[in-house]
Amino acid sequence: MPSYRYCFLDSADCVAEFHVIECETDSQAQKRADRLLAAFDYPTIEVWDRARRVYWRGKTDALPVSESRTGGA
């Protein structure tokens with residue numbers, strides 16, 4: 001199972017904290033990132049699979065309609 005690095009960025013876009021979490025797919029990693037961003041007090045999260053950025057989201061970015069109505073996965 002791939003290990004993804006979840007990087008929480010501060011208001012200066014510097015990595016303030018990171019976690020390594022295993023997920024089966026990029027899609028699962030992205031959904032987990034949305035939940036983590038909501039749970040932590042950082043404005044932005046990035047998800048990396050080695051040198052490949054898989055996902056980026058800021059708290060001010062709107063969630064897709066399907067996730068915002070259901071509360072995400």
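The following dialogue explains the terms used for this predicted model and the values behind them.

Modeller: In this predicted model, local features need pLDDT of at least 70, side-chain atom pairs count only at pLDDT 80 or more, and totals for chains, interfaces and linings use all residues. Residues are numbered from 1 along each chain as its sequence is written, and side-chain values use heavy atoms, with hydrogens and water left out.

Colleague: What makes up the chain, and in which order do its elements run?

Modeller: There are 2 helices and 4 strands, and from the N terminus the order is β-β-α-β-β-α. Helices (H or I, at least four residues) and strands (E, at least two) are DSSP runs, numbered from the N terminus.

Colleague: How do you know that strand 1 and strand 2 pair?

Modeller: Two strands pair if DSSP finds at least two bridges between them. Strand 1 and strand 2 have 7 bridges, in the antiparallel sense, and therefore meet that definition. One of the bridges joins Arg 5 to Val 20 in strand 2. The two strands form a hairpin with 5 residues between them.

Colleague: What do the bridges say about strand 3?

Modeller: Strand 3 pairs with strand 1 over 5 bridges, again antiparallel, and with strand 4 over 6 bridges in the antiparallel sense. Glu 46 of strand 3 stands opposite Cys 7, and Glu 46 also stands opposite Trp 56 in strand 4.

Colleague: Why is one side of strand 2 and of strand 4 left without a neighbour in the sheet?

Modeller: The 4 strands form an open sheet in the order 2-1-3-4, with antiparallel pairing. Strand 2 (15-22) and strand 4 (52-58) stand at its edges with a single partner strand each, so one side of each has no neighbour in the sheet. On average, neighbouring strands are turned by 20° against each other, direction ignored. Such angles refer to axes, which are lines fitted to C-alpha atoms, for helices over the stretch in contact; angles run from 0 to 180 degrees between N-to-C directions.

Colleague: How does the span of helix 1 compare with the expected one?

Modeller: The expected span is 1.5 Å times one less than the number of residues. Helix 1 (residues 26-39) has 14 residues and reaches 20 Å from its first C-alpha to its last, close to the 20 Å expected. Helix 1 lies across strand 1 (3-9), strand 2, strand 3 and strand 4, at about 30° to strand 4.

Colleague: Why is Thr 44 called buried?

Modeller: Buried means under 20% relative accessible area, exposed over 50%, and partly exposed in between (1.4 Å probe, protein chains only). Thr 44 has a relative accessible area of 7%, and is therefore buried. This residue is found in strand 3.

Colleague: Why are Asp 13 and Arg 50 called exposed?

Modeller: Asp 13 counts as exposed because its relative accessibility is 55%, and Arg 50 counts as exposed because its value is 66%. Asp 13 lies in the loop between strand 1 and strand 2, while Arg 50 is in the loop between strand 3 and strand 4. Each has a positive phi without being a glycine: near 60° for Asp 13 and about 55° for Arg 50. Most residues other than glycine have a negative phi.

Colleague: What makes a set of residues a nonpolar core, and which members of the largest one touch the most others?

Modeller: A nonpolar core is a set of buried Ala, Val, Leu, Ile, Met, Phe, Trp, Tyr and Cys residues joined through side-chain atoms within 4.5 Å. The largest has 14 residues, of which Tyr 4, Tyr 6, Ile 45 and Val 47 touch the most other members. Strand 1, helix 1, strand 3 and strand 4 each give two or more residues, and helix 1 supplies the largest share, 4 residues. In helix 1, the buried residues include Ala 29, Ala 33 and Leu 36. Beyond four places in sequence, Tyr 6 touches residues including Phe 18, Ala 29, Ala 33, Leu 36, Ile 45 and Val 47.

Terms used: Contact means heavy atoms within 4.5 Å.
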